[in-house]
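The sequence and the structure come before the text.

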Amino acid sequence: KQWYQRRVAVESSESQKVDTVTANEEITLTSLKLDPELDGTYSCQATAYGATISQNMILAHTGVSISAPDNIIIRTSEVITLKCLAASRARIGKVRWSINGNRVPSLKYVNSDYLDFKMTSTLETNPVDDALAYGSKILDYECVAATTAGLFTDDVELNVHSLQLTPSNVVALDQTWSLTCTVVSNIKPTAVIMKKGDVELKKEKSTDCDSALI
């Protein structure tokens with residue numbers, strides 16, 4: 001018994017798994033993730049007593065999948081890239097993003113054209129900035145694909161445990177300037193310390209402190 005796609009034997013991969021069960025009487029093909037590249041006509045063939053029988057089926061993925069960083073805990077204030085892949089034979093009109101239920105302005109992400117029943121959307125964002133903007137250290141990024149058959153969604157949750165130094169660079173034009181170090185985390189710090197090189201300038205020991213200002 002064997003699965004075939006385009007007359008090529010199907011093997012297990014990161015996207016699909018081939019298994020034999022029930023005392024070698026059944027063979028299964030399991031999709032492990034949304035992958036429109038696997039779309040097409042599949043056939044299951046079995047040979048017994050010198051005869052081969054087969055049955056065909058057509059696979060067409062429909063849904064949304066987000067590709068995100070492996071580490072769901074954000075520890076640095078920097079821009080990351082989230083990519084949403086939408087696949088549907090029902091035409092995809094648009095793909096949009098939201099963060100904790102708040103719709104992301106379309107200027108922050110780029111959608112591809114709808115080709116080969118697929119559309120991708122790329123969002124570049126800084127989770128630390130998002131955590132401060134939306135008042136939450138747990139961020140739910142949702143991708144929504146609107147098709148003629150309805151809405152399809154996927155989401156990924158990121159946890160922010162980081163610091164933000166404001167401003168990131170200072171040009172001192174007079175005697176007055178300031179730096180603010182903001183703790184962006186659900187875990188209260190035991191202390192917030194600001195240094196110049198290895199020299200400690202200020203230390204806040206209160207477990208309720210959110211920032212240190214000099």
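The chain exposes about 13500 Å², and carbon and sulfur atoms supply 49% of that area. Accessible areas come from the Shrake-Rupley method with a 1.4 Å probe, and for residues only the protein chains shown count as cover. The model is predicted: local features need pLDDT of at least 70, side-chain atom pairs count only at pLDDT 80 or more, and totals for chains, interfaces and linings use all residues. Residues are numbered from 1 along each chain as its sequence is written, and side-chain values use heavy atoms, with hydrogens and water left out.

Of the 214 residues, 32% count as buried (under 20% relative accessible area; exposed is over 50%, partly exposed in between, with a 1.4 Å probe and protein chains only). The secondary structure comes to one helix and 20 strands, taken as DSSP runs numbered from the N terminus (helices H or I, at least four residues; strands E, at least two). Among contacts (heavy atoms within 4.5 Å) between residues at least 6 apart in sequence, 50% join residues at least 24 apart.

Helix H1 covers residues 127-134, and Pro-127, Val-128, Asp-130 and Ala-131 are buried in it. Seen down the axis of H1, these buried residues fall within an arc of 160 degrees, so they line one face of the helix; the arc is that of the directions from the helix axis to the C-beta atoms. Gly-135 follows H1 and has a positive phi, near 65 degrees. Leu-132, also in H1, is partly exposed at 38% relative accessibility. Its C-alpha atom is separated by 10.0 Å from that of Val-183, 51 residues apart along the chain.

A search of the whole structure finds one salt bridge (a side-chain nitrogen of Lys or Arg within 4 Å of a carboxyl oxygen of Asp or Glu). Lys-108 lies in the loop between strand S11 (102-103) and strand S12 (109-111) and Asp-130 in helix H1, so the pair ties together parts that are 22 residues apart in sequence. Lys-108 is partly exposed, at 35% relative accessibility, whereas Asp-130 is buried at 5%.

The pairs with stated atom distances are these:

| Pair | Atoms | Distance |
|---|---|---|
| Lys-108 and Asp-130 | closest N and O | 3.9 Å |
| Thr-147 and Ala-149 | side chain to backbone nitrogen | 3.0 Å |
| Thr-147 and Gly-150 | side-chain polar atom to backbone oxygen | 2.8 Å |

Thr-147 lies in strand S14 (residues 138-147) and is buried, with a relative accessible area of 13%. Leaving aside neighbours within four places in sequence, Thr-147 is in contact with Ser-88, Ala-90, Arg-91, Ile-92, Gly-93 and Phe-152.

The largest nonpolar core has 26 residues; such a core is a set of buried Ala, Val, Leu, Ile, Met, Phe, Trp, Tyr and Cys residues joined through side-chain atoms within 4.5 Å. Elements giving two or more residues to this core include strand S10 (92-99), H1, S14 and strand S15 (150-160). Val-95, Trp-97 and Tyr-141 have the most contacts inside the core.

How values were computed:
A polar contact is a pair of N or O atoms within 3.5 Å; within protein, one must be able to donate a hydrogen and the other to accept it, and residues adjacent in sequence count only if both atoms are side-chain atoms.
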